[in-house]
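This report describes how the parts of a protein model meet one another.

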2 protein chains.
Amino acid sequence: MTSASLNTLLGADLYFKCEHLQKVGAFKARGASNAVLQVPDGTEIVATHSSGNHGAALAWAAAQQGLRCTVVMPENAPEVKKSAVAAYGAEIVFCEPTLQAREATLQAVVQSSGAHVIPPFDDARIIAGQGTVAQEIVGQCRELGFAPDLIVAPVGGGGLLAGVGLAVSALAPDIKVLGAEPAGADDAQRSFRSGVRVTEQQPQTMADGLRTTLGERNFVLIRRYVQDVVTVSEAAIAEALALLWRRTKQFVEPSAAVGLAAVMAHPARFRNKRAVIVLTGGNMDIAAAASLVAGRS
Amino acid sequence: MTSASLNTLLGADLYFKCEHLQKVGAFKARGASNAVLQVPDGTEIVATHSSGNHGAALAWAAAQQGLRCTVVMPENAPEVKKSAVAAYGAEIVFCEPTLQAREATLQAVVQSSGAHVIPPFDDARIIAGQGTVAQEIVGQCRELGFAPDLIVAPVGGGGLLAGVGLAVSALAPDIKVLGAEPAGADDAQRSFRSGVRVTEQQPQTMADGLRTTLGERNFVLIRRYVQDVVTVSEAAIAEALALLWRRTKQFVEPSAAVGLAAVMAHPARFRNKRAVIVLTGGNMDIAAAASLVAGRS
């Protein structure tokens, strides 16, 4: 999708890749599909722990292949996430809301059921699956007769950004790939710039999909195939979210606005450039997101 | 656009025509464009009175043709509507918020400036322009290899519904055209069923674009070319709005949800049918609309 009014406002030529229109409402369907298509022979059940879109995506992808699925979720996960996982037919096992409890509970599920674990981002199959979005971007731009200067992808655990970097390096190495993350969860930028992966942080951001810390495989690929990682303020994320709702009429979640926020926060990098912005998903607490947008133009 | 989950939920095969993605964020750009392309020779300025999308659409269409535009607006019109009209370069003349004041002020504008008036719906050029949406629907469905059983369009003043009925009768008379309106503004249904145009009502509906009373030309065409007009409750509109935001991720306004609300309120008319629903626009007070949606699934 494109928006003439946003292009005029921002002095760039922007193309939005609409992953909120993907199955399960997020790019996560790509990695989960790719992973369930490659489970070891004889696998009957897959499992993961998730408080967000990966759980719903795995539940959906498993159902497509006739596999059973168990998702370990913290008791305090948003109702909308719990009901999405349940609606796709997965079994939910609740646990206390700590990483330790999630991992221990998942381990117990594996031991009792023999489930095959599919992690949310630090996994080659997941990274390759998320990278298919870049394959589509390159192909769709070619159909329109151009190659973009830049592709911008938000970064949390790094599955999407690593996959995009990898795919672009193979398919169209002249295109620059830029990561974008909230300043309040800037582990990817610090890891990228220092060369040492940051493994802990206290994230402070409305972009709930990007609070995760960068994975190990993801870090290696991002260092190799991504040009830079930029950060954006919470105010810029809210402003970008308001512009996306009002101007493009696309009902995306706060995490999905981080790419456009990067264009607004770093205008010199985008001036007169053709940039593809990945809109990552559209699943959210509507009242909370609307309160961020109301009153902004 | 289509949604597999909505089709499963509602037992119908629904196609959404996305007029919220139209220029100015509403189908009104069609009628306004058609009208400004047919103004009398020598016209330098066009004018209308509007508290809604028609003012913005006329401002935009006039600017495209290098014409000046004056929009008479009630002082209490929403800020978002005032700023849209101003952003497209039109002059705004404020008046008191009564129909008499609006018409008297417009008359004064015409006398002082010689402006050519383009009314919002009771006008052959506007009706024909809005009807181009049906021309596109028929053509796009043919490209996909089918003809829809039904096209559903919301009805306020009746520009859209009359235009769709007229176009379908000429292009694909086997397709049924159904009007949908809020039960709290049911003048079109009462007019349609009694054969006598209702000219006054006290509208009570969140669908602010549909509070207008049916126009005269519109009434005649709707009686001739539309199969029926159905009404929907406010609860059904809110439920449909929530489904559109959550399932299709399209950020449409309450008036645009009235077509889907009709599918939900009258399931027997749609069971296993192929129906095209016109999503009419996406301009709204976000906080008010979000409060209708929050808490609904």
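How many residue pairs are in polar contact between domain 1 of chain A and domain 2 of chain A? In this predicted model, the count is nine residue pairs, with both residues at pLDDT 80 or more.

**The two domains of chain A**

Domain 1 of chain A comprises residues 4–26 together with 124–294, and domain 2 comprises residues 28–117. Their C-alpha centres are 25 Å apart. On the side of domain 1 of chain A that touches domain 2 of chain A, helix α6 (residues 124–143) of chain A provides the largest share, namely eight residues. By class, that side of domain 1 of chain A has five nonpolar, five polar and six charged residues.

Between domain 1 and domain 2 of chain A there are also two salt bridges. A salt bridge joins R30(A) to E19(A), and the closest N and O atoms of this pair lie 2.7 Å apart. As for area, 52% of what the two domains of chain A bury between them is on carbon and sulfur atoms. Within domain 1 of chain A, the residues that lose the most area to domain 2 of chain A are V24(A), R125(A) and Q130(A), which together account for 46% of what that side buries.

**The contact between the chains**

Chain B and chain A also touch. Of the area buried between these chains, 68% is on carbon and sulfur atoms. Three residues, K249(B), F251(B) and I286(B), supply 43% of the area that chain B buries against chain A, more than any other three residues.

Which polar links are counted between chain B and chain A? There are seven residue pairs in polar contact, both residues being at pLDDT 80 or more, while the number of salt bridges between chain B and chain A is zero.

| Domain 1 of chain A and domain 2 of chain A | 16 residues from domain 1, 17 residues from domain 2 | about 1400 Å² |

Technical notes. Residues numbered from 1 in each chain as written. Chains lettered and ligands numbered in written order. Predicted model: local features only at pLDDT ≥ 70, side-chain atom pairs only at ≥ 80, totals over all residues. Heavy atoms only, no water. Domains from an automatic or database assignment. Contact = heavy atoms within 4.5 Å. Buried area = accessible area lost by both parts, 1.4 Å probe. Salt bridge = Lys/Arg side-chain N within 4 Å of Asp/Glu carboxyl O. Polar contact = N/O pair within 3.5 Å; in protein donor to acceptor, adjacent residues only side chain to side chain. Helix = DSSP H or I, 4+ residues; strand = E, 2+ residues; numbered from the N terminus. Nonpolar A, V, L, I, M, F, W, Y, C, P; charged D, E, K, R; others polar.
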